[in-house]
Amino acid sequence: MTEAGMQRMAARIFACLLSSERGSLSSAQLAERLRVSPAAVSGAVRYLSQVHMVSREREPGSRRELYRVHENVWHEALVDRDQILGRWTKTLRTGEASLGPDTPAGRRVRDTYDFLEFMQQELSQMLERWRAHRASRDAHETPRDG
């Protein structure tokens with residue numbers, strides 16, 4: 001994850017949550033398992049929350065917060081990226097018109113727009129195929145005891 005650009009501590013926190021039995025841990029549990037300070041946990045969780053990879057929730061009957069990996073974390077991350085691509089393409093379309101479509105800068109902006117629009121279409125289709133694949137898999141999976 002760090003090689004893909006994620007902050008080191010955020011990657012460690014995410015991996016710890018992902019591999020935990022329930023998919024959720026408190027700040028103290030994360031700090032203990034990773035042998036880091038609560039401040040390090042707090043900063044990493046803030047980042048992971050901003051990119052919608054984890055959420056904060058209250059432990060029932062307690063004031064203690066738990067940090068949870070989203071059930072469909074990768075799907076949700078890609079849906080967020082799809083929305084970002086949509087905003088970028090709108091901005092690029094405006095930029096192309098401002099620069100002039102026949103200028104070198106306008107053509108570069110248009111090429112960027114075309115690429116991102118292509119990516120957005122492919123991503124939407126891929127996410128739909130994933131939803132169908134997961135539904136099929138879940139329909140054929142035997143329930144686990146436990």
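Modeller: A residue counts as exposed when its relative accessible area is over 50%, and as buried when that area is under 20%. The structure discussed here is a predicted model.

Colleague: Is Arg-35 buried or exposed?

Modeller: Arg-35 sits in the loop between α2 (27–34) and α3 (38–50). Its phi is near 55 degrees, a positive value in a residue other than glycine. The relative accessibility of Arg-35 is 78%, and the cut-off for this class is over 50%. Arg-35 therefore counts as exposed.

Colleague: What does His-52 count as, by relative accessibility?

Modeller: His-52 also has a positive phi, near 60 degrees, and is a residue other than glycine. This histidine is found in the loop between α3 and β2 (54–58). Its relative accessibility is 42%, between the limits of 20% and 50%, so His-52 counts as partly exposed.

Colleague: In what order do the elements of the protein run from the N terminus on?

Modeller: The protein has five helices and three strands. From the N terminus on, their order is α-β-α-α-β-β-α-α.

Colleague: What is the radius of gyration of the protein, and why is the protein described as more spread out than a compact globule?

Modeller: For 146 residues the globule rule gives 15 Å. The value for this protein is well over that, so the protein is more spread out than a compact globule. Along the principal axes, the C-alpha atoms fill a box of roughly 60 × 45 × 30 Å. The radius of gyration is 20 Å.

Colleague: What share of the 146 residues is buried?

Modeller: The accessible surface of the protein comes to about 10,100 Å², and carbon and sulfur atoms account for 52% of that surface. Buried residues are those under 20% relative accessible area. Their share of the 146 residues is 31%.

Colleague: How are the rings of Phe-14 and Trp-74 arranged?

Modeller: The count of aromatic pairs comes to one. The ring centres of Phe-14 and Trp-74 are 5.6 Å apart, and the planes stand at 75 degrees. Planes over 60 degrees apart fall in one class, so this pair is edge-to-face.

Colleague: How many residues apart in sequence are the parts that this pair ties together?

Modeller: Phe-14 is buried, at 0% relative accessibility, whereas Trp-74 is partly exposed at 48%. Phe-14 lies in helix α1 (residues 8–19) and Trp-74 in helix α4 (residues 73–99). The pair therefore ties together parts whose separation in sequence is 60 residues.

Colleague: How far apart are the mean positions of the positive and negative charges?

Modeller: The protein carries 23 positive and 20 negative charges. Their mean positions are separated by 7 Å.

Technical notes:
Residues numbered from 1 in each chain as written. Predicted model: local features only at pLDDT ≥ 70, side-chain atom pairs only at ≥ 80, totals over all residues. Heavy atoms only, no water. Helix = DSSP H or I, 4+ residues; strand = E, 2+ residues; numbered from the N terminus. Rg over C-alpha atoms; globule rule 2.2 N^0.38 Å. Buried < 20%, exposed > 50% of the residue type's maximum accessible area, 1.4 Å probe, protein only. Areas by Shrake-Rupley, 256 points an atom, 1.4 Å probe, with all protein chains shown as cover. Lys, Arg positive; Asp, Glu negative; His and termini not counted. Charge placed at Lys NZ, Arg CZ, Asp CG, Glu CD. Phe/Tyr/Trp six-rings, centres within 6.5 Å; stacked < 30°, edge-to-face > 60°.
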